[in-house]
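This report concerns the structure shown below. Please keep the sequence and the model in view while reading.

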Amino acid sequence: MGLEKEKADTKIFMDEEGFNRSSSPALSDTEKSLDKAADRDPRGINTHLKLGFEDVIAEPASTHSFDRVWVCSHAFFEVSKYLIYKLLTLFLAVPLALVAGILFAVLSCLHIWIVMPFIKSCLMVLPSVQAVWRSVTDVFIAPVCHSIGRCFAAVNVQVDQQ
């Protein structure tokens with residue numbers, strides 16, 4: 001019965017290279033990382049970068065270049081985009097990933113150990129500060145504002161039109 005359940009849980013699919021791969025619950029760590037690598041943008045963060053030749057270069061129906069020129073341009077665009085991206089990632093991906101990891105680690109550490117304790121401390125002290133501030137305003141500022149208000153309350157303004 002266990003063998004039948006394992007067969008039922010195992011799914012066969014074709015990967016990009018055309019190889020049959022099975023996804024069973026008992027995958028090794030390497031196979032799991034390969035399965036995760038198949039969809040490298042599962043949340044669609046970079047969907048705006050899915051550009052094709054037709055998205056960048058387009059000829060309207062009224063003006064067309066030679067067919068061979070169009071085909072060669074398309075081929076050069078795709079090949080150069082593919083090769084340059086591969087070369088740039090070859091040299092930049094690991095160092096930039098290291099820098100991004102360090103940056104996010106520093107920001108996380110600052111947020112966890114400095115920012116949030118400071119905010120929580122301020123919120124904890126805030127009721128006391130609020131009570132003191134209310135007393136200060138009631139003792140010093142409120143009487144001044146009341147006096148100024150009484151002074152201006154005695155002023156009558158009349159507008160005459162001549």
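The sections that follow treat aromatic pairing, the surroundings of one aspartate, and the cysteines.

## Aromatic pairs

The model is predicted. Two aromatic pairs are present in the structure. In one of them, the ring centres of phenylalanine 53 and tryptophan 70 lie 5.0 Å apart; the pair is classed as edge-to-face because the ring planes meet at 70°, and the cut-off for that class is over 60 degrees. This pair joins distant parts of the chain, with phenylalanine 53 in helix H3 (residues 53-56) and tryptophan 70 in helix H4 (residues 67-153), 17 residues apart.

Together with Phe77, Phe53 and Trp70 make up one aromatic cluster.

## Aspartate 41

Aspartate 41 sits in the loop between helix H2 (29-38) and H3. Its relative accessibility is 25%, and aspartate 41 is therefore partly exposed.

A polar atom of the aspartate 41 side chain lies 2.8 Å from the backbone nitrogen of isoleucine 45. For the backbone nitrogen of asparagine 46, the corresponding distance to a polar atom of that side chain is 2.9 Å. When residues up to four places away in sequence are not counted, aspartate 41 touches Asn46 and Thr47.

## Cysteines

A disulfide is a covalent bond between the sulfur atoms of two cysteines. The search of the whole structure finds zero disulfides. Cysteine 109 has a relative accessible area of 43% and is partly exposed. Cysteine 122 is also partly exposed, at 35% relative accessibility.

Methods
Residues numbered from 1 in each chain as written. Predicted model: local features only at pLDDT ≥ 70, side-chain atom pairs only at ≥ 80, totals over all residues. Heavy atoms only, no water. Disulfide = S-S within 2.5 Å. Buried < 20%, exposed > 50% of the residue type's maximum accessible area, 1.4 Å probe, protein only. Phe/Tyr/Trp six-rings, centres within 6.5 Å; stacked < 30°, edge-to-face > 60°. Helix = DSSP H or I, 4+ residues; strand = E, 2+ residues; numbered from the N terminus. Contact = heavy atoms within 4.5 Å. Polar contact = N/O pair within 3.5 Å; in protein donor to acceptor, adjacent residues only side chain to side chain.
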